[in-house]
Each structure stands twice: as C-alpha cells, then as structure tokens.
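Subject: Structure handover and notes

Dear colleague,

Please find below the structure that I promised to pass on.

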Amino acid sequence: MHSARIRTAWKNKRRPISTEEHAVAVAAVAWRIALSAARNLHQAAFDYTDDAQRLAVMREYLYFLIYFADRCAQQWFASDPARRARFTTRLSHECRRHYRENRRDIMAPEPAAERFIEQLNRRLSAYASTRFVDGRPGYAALRALALRIREQMGHDQTNKWVLEQVLDIDGPEALQIFGAALRKLTQAVEKARGGDGG
C-alpha cells in the first residue's frame with residue numbers, strides 16, 4: 001500500500017480552512033487508501049472476478065475509514081457537535097462522489113438498489129458496537145471489515161485467505177496511513193483556525 005500518494009499539507013497555510021474543506025481533503029485520502037488497498041489484494045495474488053467486485057472492496061474500505069474519521073471527529077470536536085456533523089456529512093458525500101465517478105468511468109452507473117449512504121449508515125451502526133482503542137478502531141472493527149471483504153471476494157481456493165490478508169496486513173496498514181494523514185490534516189486546520197478547536 002506504499003504506492004498510495006497521500007497529501008497532508010494545505011497549499012495556503014495562512015488562511016482558515018473550513019470544516020467542509022477539511023472533510024473534502026480527508027475524503028481524498030480515504031479514496032486513495034481504498035484504491036491502494038484494492039490493488040494490494042490483487043498484487044498479493046487474490047483474484048477479482050470483475051470490476052464490480054473490486055469496487056465493492058473499495059466501498060467497504062471507504063465505509064471503514066469514514067467510521068474511523070467520524071470517531072476521531074467526535075473526540076476532536078467534542079465541544080461543537082454541529083461541526084462534527086458537518087464534517088462527517090461532507091466526508092460521506094465526498095467519498096460517495098469518488099466512488100460513483102470511478103464506477104461510472106469503468107462500469108454502468110450505480111444501480112438504484114445500491115445506495116451508498118444507506119449502506120454506510122448500516123455499517124456505521126455495526127462498527128459503533130466495537131471498541132475504539134488508543135484513537136483508532138480496535139480488533140473487532142478490523143475483523144468486521146475483513147469479514148465484509150471476504151464476503152465480497154468469495155470463498156474459492158484463490159481467495160480463501162483474504163480475511164487474514166486484510167486483518168493482519170492490509171487493514172492495519174490502512175489504519176496507520178489514514179490515522180497519520182488525518183492527524184496531520186486536522187492539526188493544520190486547527191492551527192489555521194487559531195487552535196480554538198471549534
């Protein structure tokens with residue numbers, strides 16, 4: 001996943017950065033990580049039957065990273081719940097935009113039955129029952145992600161070890177990269193806002 005190009009600096013460091021701009025930047029990072037994670041599975045000799053399956057894996061990573069960012073926002077913006085809501089809402093819609101645009105480029109438009117935000121809400125509810133440990137999703141959340149990806153990849157001989165790949169290698173690496181980028185972006189936002197946290 002080292003090929004993921006992650007930008008964590010703002011072009012203009014002097015002007016205040018809005019909550020919406022913050023969310024857009026985080027969504028771009030989440031998309032790059034989801035794309036890199038999906039490619040990494042293929043490079044690790046796991047097979048996709050088609051583009052829809054690969055996109056489904058990327059979508060699961062996006063849901064997981066949105067959960068991660070929202071839990072961090074809950075802590076960072078504890079004094080301003082409305083700001084957290086604006087951040088997570090914009091982040092979710094930006095991730096959906098990345099997903100839909102890429103799906104449209106390589107496949108037919110997203111079917112009406114495949115509702116990104118509705119499915120995201122179900123995932124967030126499921127992840128909410130897991131522990132958030134030392135500022136990041138714990139083992140149970142990571143295992144839930146791995147199970148979702150195994151469900152998308154299937155249980156044939158080629159993909160039988162995909163759960164272990166995500167749980168032991170790809171998932172933790174995604175958490176490390178995203179967590180570091182999220183902290184850097186947020187610290188820069190707060191510094192530009194004068195460190196008021198609100």
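This is a predicted model: local features need pLDDT of at least 70, side-chain atom pairs count only at pLDDT 80 or more; totals for chains, interfaces and linings use all residues.

Residues are numbered from 1 along each chain as its sequence is written, and side-chain values use heavy atoms, with hydrogens and water left out.

The protein chain has six helices and two strands, in the order α-α-α-α-β-β-α-α along the sequence; here helices (H or I, at least four residues) and strands (E, at least two) are DSSP runs numbered from the N terminus. Of the 198 residues in the chain, 46% are buried, where buried means under 20% relative accessible area, exposed over 50% and partly exposed in between, with a 1.4 Å probe and protein chains only. Among contacts between residues at least 6 apart in sequence, 76% join residues at least 24 apart, a contact being heavy atoms within 4.5 Å.

Two packed helices are described by the angle between their axes and the distance between the axes. The axes are lines fitted to C-alpha atoms, for helices over the stretch in contact, and the angles run from 0 to 180 degrees between N-to-C directions. Angles under 35 degrees count as roughly parallel, over 145 as roughly antiparallel, 65 to 115 as roughly perpendicular and the rest as oblique.

Helix α1 (residues 19-43) and helix α2 (residues 51-76) have axes that come within 9 Å and cross at roughly 140 degrees, which makes α1 oblique to α2. The residues in this contact include Trp31 and Leu35 of α1 and Tyr61 and Leu65 of α2, and by class the contact has 15 nonpolar, no polar and one charged residues. In this classification Ala, Val, Leu, Ile, Met, Phe, Trp, Tyr, Cys and Pro are nonpolar, Asp, Glu, Lys and Arg are charged, and the others, Gly among them, are polar.

Helix α1 also packs with helix α6 (residues 162-192), at an angle of about 160 degrees and with the axes 10 Å apart, so α1 and α6 are roughly antiparallel to each other. Among the residues that meet there are His22 and Asn40 in α1 and Asp170 and Phe178 in α6, and the contact has 16 nonpolar, four polar and one charged residues.

Leu163 lies in helix α6 and is buried, at 4% relative accessibility. Leaving out residues up to four places away in sequence, Leu163 touches Arg143, Ala146, Leu147 and Arg150.

Thr130, in the loop between α4 (116-127) and β1 (132-133), is buried at 14% relative accessibility. The side chains of Thr130 and Tyr67 are joined by a polar contact of 3.5 Å, meaning a pair of N or O atoms within 3.5 Å, of which, within protein, one must be able to donate a hydrogen and the other to accept it, and residues adjacent in sequence count only if both atoms are side-chain atoms.

Most residues other than glycine have a negative phi. Ala45, however, has a positive phi of about 80 degrees, and lies in the loop between α1 and α2, exposed with a relative accessible area of 52%. Asp134 has a positive phi of about 50 degrees, and is exposed at 75% relative accessibility.
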